[in-house]
Amino acid sequence: MLTLENVQIGVAGKPLISDVSLSINGGDRIGLVGPNGVGKSTLLHAMAGEGAPDAGKVRPVRGLTIGALWQEPPARGDVTVLDEVLSGNTALVELDGQLRELERQMADPANTADIEALAGRYGELHDRMEALGGYTREAEALKILAGLGFSQDEVSRPCASFSGGWRMRISLARLLTTRPQLLMLDEPTNHLDVFAVEWLEGFLNTYPGAVLVVSHDRDFLNRVANRIMAVIDGKVRVYTGNYDAYLTQRELEREVEENRARNQQREAERMQSFVDRFRYKATKARQAQSRVKQLKRMEPVEVSKVERVVNFEFPKTTPCSREVLVAEELARHFEGNRVFEHFNFTLFKGDKMALVGPNGVGKTTLLKLIAGVEEPDQGRVILGHKVERAYFAQHTLETLSPVHSAMEAVMAVAPRDPVARIRGILGRFLLTGDDQLKQVAVLSGGEKARVALARLLIHPANLLMLDEPTNHLDIPSRDVLEEALVSFDGTLVLITHDRHLIRAVANRVLEIQGGKLTDYPCGYDEYLERRDQAGRAQRQADAAPAKPAAKGAPPAPPAAKAPPKPEPKPAPTPGSPRLDGKERRRLEAQVREVEKKLEALEPKLAALAAELADPGLYADPRRFDRVLAEHADAETRVARLSVEWERLSERLEG
């Protein structure tokens, strides 16, 4: 599909990657990995045709369609989410415009003489639209948006009403809807919750084209990638398998390099010793000279450099009371709508608690309340004795002043600390020398994240609250943060989509789901197992036969015959939300209502389609215009209801 021949990439005259020669084939699921700042995104832009490499060739096959997701949110904000997503497939948008224009012309009485030719052209375009999936694109778009966490109401809101993270989701949905042959994604999981990441993994694993993804999410790469392209010492090496397989191969590769280098060194020392001993002896002079030539021809075995990593650890914390924080009857509302209420829990010293749940259920809101950043509408937060809080917000990077230098950004939270201490802390985060004087505006996302973490470290706290701290960090930096959090002797509340980090750190999970708070005093894997067990038990209880009616009670009315359902969805993956009995009954009622509407619409749609197939219809422009409009309206309503039925059914099956 795409071939690179001796490609070289650089920035501002500085070479980053050189001599890249490789091929991407259909069915490839490639993870592009490497430390921040080595040129992964720049290489991705060159491969997508958005900028030429400094040297070499990028050769796509003829007609290859490439779609790319970059790390900037979409600029357009005045259109609805659904319209923005549908606009991605320009060919279908253009085809749809041609069909609308033909409909206008056929409805114009002035074109009666040309109605047959117009109708023939309309039929051709209609068939092409159907072959390209144009009539199901809205249903497909709604399905993708639902998978990425958008509700039915949110798809009709303008893009400008969403935060940057949600607008990145809109960009991702727009790209996935276009279905390019080669899909390129730059950090797609940064703005997704765990549930959306799991949905994206399933989508990519069944995607018919090739996928190339830059990611620092270890679990995501393990579940999606079948090849790894790693940027090492300015070169790109390709490995078969997922990320864990790459690590194993890379470790063996380094061992081989080091062994070869040691053997070469020993051989060079042996030859040099021979030369030193026998250079001036007539009987050995020729042999000594031969070894001198061998030494000159010997090319040193290159051993890959060990990348510098962040030196990050939390200092010892101040002792505090056993009950670190108590939340009593917490409630929060937004624009008159309830986010949550009646939330009660206690944090104990040493707890490392992960807050989990889909986006929009109030995880970040709850974290802000216990961090003291916002006040609850009801209830209160009680801090224990000598508890000191530190909060890392999800959008901390956006709050850094772009005109400040990295050093000034840290000094802003520690104005009385010596400059030498601030420089030392920044150095531990790989910002040294003149890099400390660079403006925040020119720093990479990873460098900004390290500055934000340095601000957090400058003053120790015994209660840490972190909201997505791994965004923009490369995998080695994430590993160091993980080790630091494991050894942290204080109390931690963590929100992250990085399941590897949750597994390594959390000893308690607090799940927010359907306005309820469920406490699991265990690690992440045990939480998943307990949640699945509870879900199975609930399904069995719901499926159990009803108890006989009490004596004297009126007989229950006969059950109505269920209308035919659309094709059932496959069982959800682990991680699907679970329902209580009341919520299940409410959803079942909604499903029945949607099914009734579908049952009423489908015969009407079939009748309208039969009318459109009747050649005599085109002789009556007014009737044709009416039937066409009714057919389009019915088709859209069926698509929307089908997506709504799938969404509700998935909730029930969960």
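These legends describe close-up views of a predicted model. Local features need pLDDT of at least 70, side-chain atom pairs count only at pLDDT 80 or more, and totals for chains, interfaces and linings use all residues. Residues are numbered from 1 along each chain as its sequence is written, and side-chain values use heavy atoms, with hydrogens and water left out.

View A. Helices (H or I, at least four residues) and strands (E, at least two) are DSSP runs, numbered from the N terminus. Six of the six residues of E8 (residues 227-232) are buried, so the strand is largely enclosed by the rest of the structure. Buried means under 20% relative accessible area, exposed over 50%, partly exposed in between (1.4 Å probe, protein chains only). Arg-227, Met-229 and Val-231 point one way; Ile-228, Ala-230 and Ile-232 point the other. Strands pair if DSSP finds at least two bridges between them. Strand E3 (residues 29-33) runs parallel to E8, joined by four bridges. Ile-30 has Arg-227 as its bridge partner. Strand E9 (residues 235-240) pairs with E8 in the antiparallel sense over six bridges, with Ile-232 opposite Lys-235. Two residues separate the strands of this hairpin, where Asp-233 has a positive phi near 55 degrees.

View B. The buried residues of H14 (residues 419-428) are Ile-422, Ile-425 and Leu-426. Down the helix axis they fall within an arc of 100 degrees, so they line one face. The arc is that of the directions from the axis to the C-beta atoms. These residues pack against helices H13 (406-411) and H15 (445-457); contact means heavy atoms within 4.5 Å. Arg-450 lies in H15. Its side chain reaches the backbone oxygen of Phe-429 at 2.7 Å.

View C. A salt bridge is a side-chain nitrogen of Lys or Arg within 4 Å of a carboxyl oxygen of Asp or Glu. The count comes to 26. Glu-201 bridges Arg-499, with the closest N and O atoms 2.3 Å apart. Glu-201 lies in helix H7 (residues 194-205) and Arg-499 in H17 (residues 499-505), so the pair ties together parts 298 residues apart in sequence. Both residues are buried. Asp-219 and Arg-503 also meet in a salt bridge (2.8 Å, N to O). This pair links helix H8 (residues 218-224) to H17, 284 residues apart. Asp-219 counts as buried at 7% relative accessibility; Arg-503, at 32%, is partly exposed.

Technical notes
A polar contact is a pair of N or O atoms within 3.5 Å; within protein, one must be able to donate a hydrogen and the other to accept it, and residues adjacent in sequence count only if both atoms are side-chain atoms.
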